[in-house]
Amino acid sequence: MDTMNNINKKLVALIFIGLVGIFGVYQSVVWLSHRGKTAITINAVPSNSVITIDGEQTGPGVHYIEPGRHELTAAHEDEGFGKVSRTISVDDSPQTINLLPSAVSDKAKTFLADNPDEASRREQIGGEEFQKSSEILSRKYPFIGDLPVLTRGFTIYQADAARTKLAAGDAAIALRIEASTPADRVRAVEWVRDQLGIDPSAIEIDFVDQTNVFQPGVSL
Amino acid sequence: MKKRVGTILLGAFLLGGIFLGFRSYQNSFQTVHITNKSDFVLTLYASKSSEESIDYNKSVSYFSTSTPGKFRVKKDDYVYTVSSKDGAYQPFVKAVTVDTKPVSLAIPSLAYTDKKLDELLVVEEPSIKAVIQAKYPAQLSVYSVGNGKLYKNGQWYGAKLVPNDPNTYDTLRIILKKDRGTWHIMTTPPEIVISQPIYPNIPLDILTDLNNFR
């Protein structure tokens, strides 16, 4: 009886040590595979979108990625969602990346109507991304709060930077100037420099009413 | 016997002291590596105030050289200048601290002086204007190329396109760059303001100067 008890105790101890050992080996393997990499959480709506990281297919969730630039895409073509791409810069800090495949097709709109949870999550993520983008732009362009500018002869307002070459993860605005004469356009640029405190060379400026005869298709 | 031991000990102390003094003197110096080109003169001056200042006494220089090499320099704050022998380049001044680690001083990339650029402009501008004329023959019937200027080492050119009728047409800016002996238009179309976010390869200081509305 005592012998049986001893054997049972030894068996339990061995099993316990074995389990601890296996767990330890597993954790070590996981730690080694994540070494030098950063945790990037990828969210997408629809939640079963096909996600690729540098061309390799994967899914949403936490991924351990090496520092550097990487291209992410998300799409759900079966449900009519178009592909969205984003280039990210990975350093030491964990990041959360939200990808929203475009929902312009009728099929995609039907999907969202039929899946209110997905639609709600999409709105929530969209709102977070907009907030993040607004904060980045306010820091980069402190004068945003002074726009639009409406004075005699010209108007200056914020617009999308359609022609600016953007780096990965960057956001930019343009200034749009409405002024009907060359003299007013000069005054508007001087206002940008003197009143908004910006070097006009450092921001995209689009002139709405200008006729530029050097542009293709514009006649003298 | 005791006298002999005392003498030996005294001698050892003296030698040790001389050795330590010599090492201390040696350690108060550091190696400065100069990478130079024969057309330039690099001169090291004592700094008048603290690290990062470029205030120096121009009449007192530690050394001046046109050749690469290694120099032993006392650990301290200095200012070094680089100037071209023919005066064609803008002078360069920078503070440097010589301390615990060896220091390397190299000739930076220098821009031509305004005088040199003006001389080059006389030679280059006819071919530059020919390039603009070839690209925009119709438009140059109502515009003329004015206020042309070379920048950096003469490889960048910026000019205003001035309208014959300033009430109807805007004054525009255009930039060209010389590459392998040929001038190329870098900004198409010419614009009222040329922006670096759209043309990130054009140095910002060139754009700021050209876009100056004053």
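Author: Helices (H or I, at least four residues) and strands (E, at least two) are DSSP runs, numbered from the N terminus. This is a predicted model, in which local features need pLDDT of at least 70 and side-chain atom pairs count only at pLDDT 80 or more, while totals for chains, interfaces and linings use all residues. Residues are numbered from 1 along each chain as its sequence is written, chains are lettered from A in the order in which they are written, and side-chain values use heavy atoms, with hydrogens and water left out.

Reader: What does the secondary structure of chain A come to?
Author: Chain A has 220 residues, of which 34% are buried, where buried means under 20% relative accessible area, exposed over 50% and partly exposed in between (1.4 Å probe, protein chains only). Its secondary structure comes to four helices and 11 strands.

Reader: How do the axes of helix 2 and helix 3 of chain A cross, and which class of angle is that: roughly parallel or roughly perpendicular?
Author: The axes of helix 2 (residues 106-114) and helix 3 (residues 116-140) of chain A come within 5 Å and cross at roughly 105°, the axes being lines fitted to C-alpha atoms over the stretch in contact, with angles running from 0 to 180 degrees between N-to-C directions. Angles under 35 degrees count as roughly parallel, over 145 as roughly antiparallel, 65 to 115 as roughly perpendicular and the rest as oblique. That makes helix 2 of chain A, relative to helix 3 of chain A, roughly perpendicular.

Reader: Which residues of helix 2 of chain A are buried?
Author: On the other side of helix 2 of chain A, Asp106(A), Ala113(A) and Asp114(A) are exposed. What covers the buried residues includes strand 6 (81-90) and helix 3 of chain A. The buried residues of helix 2 of chain A are Ala108(A), Phe111(A) and Leu112(A).

Reader: Which residues of chain A lose the most area to chain B?
Author: In this pairing, 24 residues of chain A are in contact (heavy atoms within 4.5 Å) with 31 residues of chain B. The two chains bury about 2300 Å² between them, 61% of it on carbon and sulfur atoms, buried area being the accessible area (1.4 Å probe) that two parts lose on being put together, summed over both. Together accounting for 31% of what the chain A side buries, the residues that lose the most are Ser201(A), Phe214(A) and Leu220(A).

Reader: Where is Pro148(A) found?
Author: The peptide bond from Leu147(A) to Pro148(A) is cis, with omega near 0°. Pro148(A) is found in the loop between helix 3 and strand 8 (149-151) of chain A.
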